Amino acid sequence: MTSSPAYRWWVLWLLFFATTINYLDRIVFSVLVPVIRADLHLSDEQYGLMTSAFTSAYTIGFIFIGKFIDRYGTKLGYATATLFWSIAAGLHALARTPFDLGLWRAALGLGESGNFPAAIKAVAEWFPAEERAFATGIFNSGTTAASIIGPPVLVAVASAYGWRSAFIVTASLGIIWLVMWQATYHDKPVDMASPELPVGWLQALQTRETWGFALGKFFTDPVWWFYLFWLPLYLYDIRKFDMKQVGWVLPVLYTSAGIGSLFGGWLSGYFLKRGWPPGKARKTAMGLCAGFMPLAAMGVLVPSNIGAILLFSVALAGHQGWSANLYTTTSDVFPKNAVASVIGIGGAAGGVGGVIFSSLIPGYLIPLVGYRPVFLIMGFFYLAGWYCVHFFMGDLNRIDTKQATVRPVSSSK
């Protein structure tokens, strides 16, 4: 019964709702930053340091959480991460100083690092290869759902009850989801008829494909972080939007991100069903997404607010389409018992890039040169990421762990 298609899709909806809650907890800060900034007297540099605290802890968490999930299973791993990040989100309501807020941002980042390794592992366990990118696109669109529903709701809650109450609301949603997860989810049994030898964490680091995935994350995750953390401030400070306008514009922007996530995942699956090999299918879809990013970054050059929003929408759609396929490359190449570990390694690389390119540098660079150069340069990061995936991951040939063979970094494709 629990291995039926209906159960698989129930699992997918659980992953979708978890990702939605994960991003609701994440975006409260950026949506309500004008109120929080005024209350706690935050400077741009302090804001940059707080985003760095989040991404730094997120990076550290990735290093360990993937291995934890592979060892103890998706159910326990996801539950542990969700409980931790929900408590951290609620503690934001107690912050009285910038230091307090930075501390709880770091704790939130540490817990939230578990979402994607657990979700990708669950997809790898329950869905066939031709459906994985689309399934990933569906649960990944939870980031969009959070960004559509979150801003107007969070603004309304903060306006009525204060900004601290918004953190309590999102933390409570995490606890509700946790109860549902524990009551209905179970880890899929291992196929004993065709066992795969585990790929250890150190062994994965010696594999070309791990580095292709990690470098793809390193170059592109910072752009998403930048849009997530700095786009609201750009709209406030440069476009002169007020909080209510941002509360309704962000859902429009992130609706396109959701469309991009679904379309990008569907596109590579469509290519696979037409007989394309995995490497060609995934990299073609990723290449199309990467090609749009430099053009979309030109939203900062457009005088019209509507034109800028349209181009930023393309950027967010492009990233999510890219991301749905990049995540899925891990389940194309690695055995299920190594997917979360590899996601963790790549997530850590993406977190390092996020700390450097979306937290520390913008916090000091934007006051000096403005937003335009930062937006425009980041648009080209995806082309670098695509090349790394192409060079290191090759044709996305699956590692044969039945014979314990891996392709070391120094080997040819």
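This is a predicted model: local features need pLDDT of at least 70, side-chain atom pairs count only at pLDDT 80 or more; totals for chains, interfaces and linings use all residues.
View 1. Cys289 takes part in none. Its nearest cysteine sulfur belongs to Cys388 and is 17 Å away. A disulfide needs two cysteine sulfur atoms within 2.5 Å, so the 17 Å from the sulfur of Cys388 to that of Cys289 is too far for a bond.

View 2. Is Cys289 buried or exposed? Cys289 is buried, because its relative accessible area is 11% and the cut-off for buried is under 20%.

View 3. The closest cysteine sulfur to that of Cys388 is in Cys289.

**View 4. Helix 1 and helix 4 cross.** Helix 1 spans residues 5-31, and helix 4 spans residues 74-91. Their axes come within 10 Å. How do the two axes cross, at what rough angle? They cross at roughly 30 degrees. Angles under 35 degrees count as roughly parallel, so helix 1 is roughly parallel to helix 4. The crossing of helix 1 and helix 4 is left-handed.

**View 5. Contact residues of helix 1 and helix 4.** Which residues meet here? Helix 1 brings Leu15, Ala18, Thr19, Ile21, Asn22 and Asp25. Helix 4 brings Tyr78, Trp85 and Ala89. The residues of this contact divide into six nonpolar, two polar and one charged.

Conventions
Residues are numbered from 1 along each chain as its sequence is written. Side-chain values use heavy atoms; hydrogens and water are left out. Axes are lines fitted to C-alpha atoms, for helices over the stretch in contact, and angles run from 0 to 180 degrees between N-to-C directions. Helices (H or I, at least four residues) and strands (E, at least two) are DSSP runs, numbered from the N terminus. Angles under 35 degrees count as roughly parallel, over 145 as roughly antiparallel, 65 to 115 as roughly perpendicular and the rest as oblique. A crossing is left-handed if the near helix is turned anticlockwise from the far one by less than a right angle, and right-handed if clockwise. Contact means heavy atoms within 4.5 Å. Ala, Val, Leu, Ile, Met, Phe, Trp, Tyr, Cys and Pro count as nonpolar, Asp, Glu, Lys and Arg as charged, and the others, Gly among them, as polar. Buried means under 20% relative accessible area, exposed over 50%, partly exposed in between (1.4 Å probe, protein chains only).
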